[in-house]
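Here is a brisk report on one predicted model.

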Amino acid sequence: MMELVDLHVHSNASDGTCSPQEVVRLACEKGLCSIALTDHDTIAGIPSALEAAKNSPLEVIPGVELSCVYHGCEIHILGLFLDCQNPVLAEELTALQQIRDKRNQDMLERFSNAGILITKEDLCLENPNTVITRAHFARALVSLGYAKDMSSAFRNYLDYGGPYCMPKKEITPARAMELLSESRAFPVLAHPFQYKLDRPVLLELIGTLKELGLMGLECYHSSNNSYESRVLREIAGKYDLLPTGGSDFHGSNKPDISIGSGRGGLRVSKLLLDDVKKRHAAKYPDHPFYLVTH
């Protein structure tokens, strides 16, 4: 039987709804052998996930998903096998959190001025330390009766540049790659087709990121069909990038996506992860992940 992994998973440390411990439990129930916890712009959930997996066969890979902007388009870069003790990464993530906190407060004030009353507690729910994203606002708008579902909340209230949601201050792709290199991560361009870029622009993006140190391409994702995954495998081969895959699990914020299997048909082989580990370990043989856990 093929061993399966999920290299793109979120917890309530960012915009997922499951705690890191719950994520580990679900992954174990699915029989996965490895997951990467890749919360948005935070590594706060990693210690809890590692602790929860200690007495299980599940391997937890420390990760993150960084947002940045390329020619006006927001893109996401996964960093797998982070060195979480890196002070530069910690400092940058703290700075991003401060910027995000200021923006969230501004959004709450804009909603309040329009008679839409949302509190910070409505956003955080059971995790006061969560990194608040637009998904938290969407969930609050639904629960408070201002929107019928998450999609309409995003469409009616949460467009960037709209009356309630000012544009995000993002880091550049070069800075994101610099941070991931500094923390000795394995950088992966997440879900490339979700950006809706024309093929020449997408290839230009991939080529640019490759020059900056990109090592992988997320070829298997809940939003891809088999044809799209095959195309991405071909692109990965062209740029000497290793294919990776993950569900992009967010718990009830994306209720149609299950950990490990996405919308039902996702299967990411451990063999892909084995190749990633070989290339990553060759570049960083003294990385804590290999010294401590292997």
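## The loop between E5 and H8

His191 sits in the loop between E5 and H8. Helices (H or I, at least four residues) and strands (E, at least two) are DSSP runs, numbered from the N terminus. Phi of His191 is near 25°, a positive value in a residue other than glycine. Most residues other than glycine have a negative phi. Lys196 lies in the loop between E5 and H8 as well. Phi of Lys196 is positive too, near 55°.

Buried or exposed: which is His191, at a relative accessible area of 3%? His191 is buried. Lys196, at 72% relative accessibility, counts as exposed. Buried means under 20% relative accessible area, exposed over 50%, partly exposed in between (1.4 Å probe, protein chains only).

## Basis of the model

The model is predicted: local features need pLDDT of at least 70, side-chain atom pairs count only at pLDDT 80 or more, and totals for chains, interfaces and linings use all residues. Residues are numbered from 1 along each chain as its sequence is written, and side-chain values use heavy atoms, with hydrogens and water left out.

## The sheet

Seven strands form an open sheet with mixed pairing, in the order E1-E2-E3-E4-E5-E6-E7. Two strands pair if DSSP finds at least two bridges between them. Strand E1 (5-9) and strand E7 (242-246) are the edges, each pairing on one side only. From one strand to the next, the twist averages 35°.

Strands E5 (residues 186-189) and E6 (residues 216-221) run parallel and are joined by two bridges. Val188 has Gly216 in E6 as its bridge partner. Helix H7 (residues 173-182) packs on the sheet and touches E3 (59-70), E4 (73-80) and E5. The direction of H7 makes about 160° with that of E3. Helix H8 (residues 199-211) also packs on the sheet, touching E3, E4, E5 and E6. Its direction makes about 120° with that of E3. Axes are lines fitted to C-alpha atoms, for helices over the stretch in contact, and angles run from 0 to 180 degrees between N-to-C directions.

## Thr42

Thr42 is in the loop between strand E2 (34-37) and helix H2 (46-52). It counts as buried, at 10% relative accessibility. Beyond residues up to four places away in sequence, Thr42 touches Ala13, Ser14, Gly63, Val64, Leu93 and Val131. Contact means heavy atoms within 4.5 Å.

A polar atom of the Thr42 side chain lies 3.1 Å from the backbone nitrogen of Ala44. A polar contact is a pair of N or O atoms within 3.5 Å; within protein, one must be able to donate a hydrogen and the other to accept it, and residues adjacent in sequence count only if both atoms are side-chain atoms.

## Helix H9

Helix H9 (residues 226-238) has 13 residues. From first C-alpha to last it reaches 19 Å, close to the 18 Å expected at 1.5 Å a residue. That expected span is 1.5 Å times one less than the number of residues. Buried in H9 are Ser229, Val231, Leu232, Ile235 and Ala236. They cover an arc of only 160° around the axis, so they lie on the same side of H9. The arc is that of the directions from the helix axis to the C-beta atoms.

H8 and E6 are among what covers these buried residues. The face turned away carries exposed Ser226, Tyr227, Glu234, Gly237 and Lys238. Asn225 caps the N-terminal end: its side-chain oxygen lies 3.1 Å from the backbone nitrogen of Tyr227. Asp240 follows H9, with a positive phi near 55°.
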